[in-house]
Amino acid sequence: MQTDLRAAAAAWRDDDPDPATQAQLQALLDQWPDSEAELADRFAQPLTFGTAGLRGVLRAGPNGMNRAVVRAASRGLVSYLDSAGPAGPVVVGFDGRHGSREFADEAVAVFTGAGRRALRLRTRLPTPVLAYAVRALDAAAGVMVTASHNPPADNGYKVYLGGEDGRGGQIVPPVDAGIEAAIRTVGPLSAVPLGDAGEIIDDTLVESYVDAVAALVDPAAPKDITVAYTAMHGVGAETLLGVFKKAGFAEPASVPEQHHPDPDFSTVPFPNPEEPGAMDLVQALAARTGADIAIANDPDADRCAVAVPTPAGWRILRGDEVGVLLADHLLRLGRTGTYATTVVSSQLLQSIAAAAGQPYAETLTGFKWIVRGGDETGVPLAYGYEEALGYCVAPDLVRDKDGISAAVLIADLAARLKADGRTLTDRLDELAAAYGLHRTDQLSVRVTDVAEIATMMARLRSNPPSTLLGRPVTEITDRLPSADVLTVRAEGVRVVVRPSGTEPKLKAYLETVEPFAPDAGPRADRSLATLRTEIATALGL
């Protein structure tokens, strides 16, 4: 077994196109047997297509993100497109992470070497711009090199599919399995033909995106709003500021320490607006500048977080709160069609859509399913969101979450409310008065060994709670084998538990519904605190 591992590492080293990762493996081979555990981990299994593509730690070997893995993935993707995919070019984008530009160039060279036309975005740009380009350029597929909000040691390879089947959205089964199978048939990487650097897409593509997103806002609507913003060391700032200017808003004040891309994300432990402390700098800037709202994008700008001032200080709105605010705003603007969210998001959207007479769809987690919500109802998608700060406010432009278009529309809503002497929290109170106070929270357990997640899920399935908040459990829904999701319901209470699709985490999504009253908020908070304890106990924490 040890001989097999050393032979596999040596063979990979010899076929690796990157001298830097070749040297990594050689150093580990030189340290044998002390390096056995490290090599075993790097060769335990190849990265597999998860949420729309590959994601992993930057390191040599098949169980990491590196040029060798990108070369094989790109060869497999183009083989799949040649045999079963739509015609047209492949569009490639990249963010500001370590290795992103190099991985993008590697992918382009593989595509052109296979005789496929390849178009690369001119510089590091947001993921929504790449998703927009797939539709705008009628591409066969799009590749975005990004790990979104993962830690700095990670990178990824995200795939969108064009044509009638993909419609510019993230890949779904069986496409992912088809690409995966094609990757496994790629022979020696040294035999993969490489072509030229492809065609660089000029600034007109980004300008087109900016114009289209800005046009979502009525030019005659109020624009008196002060916004504090952070790109969270990512690539969103230039594009977002361009959209705000084009839409007629004053330029948001931007956190200077986080304005420019920084692949080390030097001011935050995790570059995810959901993580505690990640929005501290933008909230401080908002307080100094007297801002009406604070907005944060994640590093590839496909997510959007919003914070608002309260008498007790700045408060970050939950993704469900922003999600229903945007849905309500679009409905009031007359947007018709299917309103979609996921099984783990708040149930409030269903009530709002029903009251407006619009179809509602509830999907599995992930935007690859949300943007297909209209397929369930037979009515085109009008809007979709997930509680993890993802919002698709313009499906005709971007069939994925888009933190930039969401940001400008939440600013539009806030400006309209301000002109009427109201705030975002006032509108949330009005929705609670109409439909009940839906309060959500999350119990998130980060693990070092992913086997712990399976153990916790098995424990919960074998011994689920019989009560929630002292109320008898009325329904347990287990979505295995189609999805590793367990839902437990009691009157006015819902808990959904599932593994994260992008990080080594187990997540429990908690929701309570309280009749709206002056004490509804504190009552709901107490209920959620109790519910967190109950679910933690059920998981064996």
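**View 1. A salt bridge between R71 and E106 joins two helices.** In this predicted model, R71 and E106 form a salt bridge whose closest N and O atoms are 2.6 Å apart. R71 belongs to helix α4 (residues 67-84) and E106 to helix α5 (residues 100-113), so the pair ties together parts that are 35 residues apart in sequence.

**View 2. R532 and D441 bridge a helix and a strand.** Here the closest N and O atoms of the salt bridge between R532 and D441 are 3.7 Å apart. Because R532 sits in helix α19 (residues 520-538) and D441 in strand β17 (residues 437-446), the contact ties together parts that are 91 residues apart in sequence. How exposed is R532? Its relative accessibility is 30%, so R532 counts as partly exposed. D441, with a relative accessible area of 18%, is buried, since the cut-off for that class is under 20%.

**View 3. R523 pairs with E514.** This salt bridge brings an N atom and an O atom of R523 and E514 to 3.0 Å from each other. R523 has 22% relative accessibility and therefore counts as partly exposed. E514, at 8%, counts as buried.

View 4. K158, D298, D302, R303, D400 and K401 are all linked by salt bridges in one network. As a reminder while you trace it, side chains of opposite charge can pair when their charged atoms come close.

**View 5. Y132 and Y209 meet edge-to-face.** The model holds six aromatic pairs. In the one shown here, the ring centres of Y132 and Y209 are 5.5 Å apart and the planes stand at 70°, so the pair is edge-to-face. The two tyrosines come from distant parts of the chain, 77 residues apart: Y132 lies in helix α6 (residues 127-136) and Y209 in helix α9 (residues 204-214). Y132 is buried at a relative accessible area of 8%, and Y209 is buried at 0%.

**View 6. Y383 and Y385 stack within a tyrosine cluster.** With ring centres 6.3 Å apart and planes at 25°, Y383 and Y385 form a pair that counts as stacked, because the planes are under 30 degrees apart. Both Y383 and Y385 are buried. Together with Y339 and Y391, these residues form one aromatic cluster.

**View 7. Two charged ends sit over phenylalanine rings.** The charged end of K223 is placed over the ring of F249, at 5.7 Å from its centre. In the second example, the charged end of R446 sits over the ring of F270, 4.4 Å from its centre.

**View 8. Helix α16 and its two ends.** How far apart are the end C-alpha atoms of helix α16 (residues 403-419)? They are 24 Å apart, which agrees with the 24 Å that 17 residues should span at 1.5 Å a residue. The helix is mostly covered, with 14 of its 17 residues buried. Following α16 comes G421, which has a positive phi, near 75°.

Notes:
Residues are numbered from 1 along each chain as its sequence is written. This is a predicted model: local features need pLDDT of at least 70, side-chain atom pairs count only at pLDDT 80 or more; totals for chains, interfaces and linings use all residues. Side-chain values use heavy atoms; hydrogens and water are left out. A salt bridge is a side-chain nitrogen of Lys or Arg within 4 Å of a carboxyl oxygen of Asp or Glu. Helices (H or I, at least four residues) and strands (E, at least two) are DSSP runs, numbered from the N terminus. Buried means under 20% relative accessible area, exposed over 50%, partly exposed in between (1.4 Å probe, protein chains only). Rings of Phe, Tyr and Trp (its six-membered ring) pair if their centres lie within 6.5 Å; planes under 30 degrees apart count as stacked, over 60 as edge-to-face and the rest as tilted. A charge sits over a ring if NZ of Lys or CZ of Arg is within 6 Å of the ring centre and within 35 degrees of the ring normal. The expected span of a helix is 1.5 Å times one less than its number of residues.
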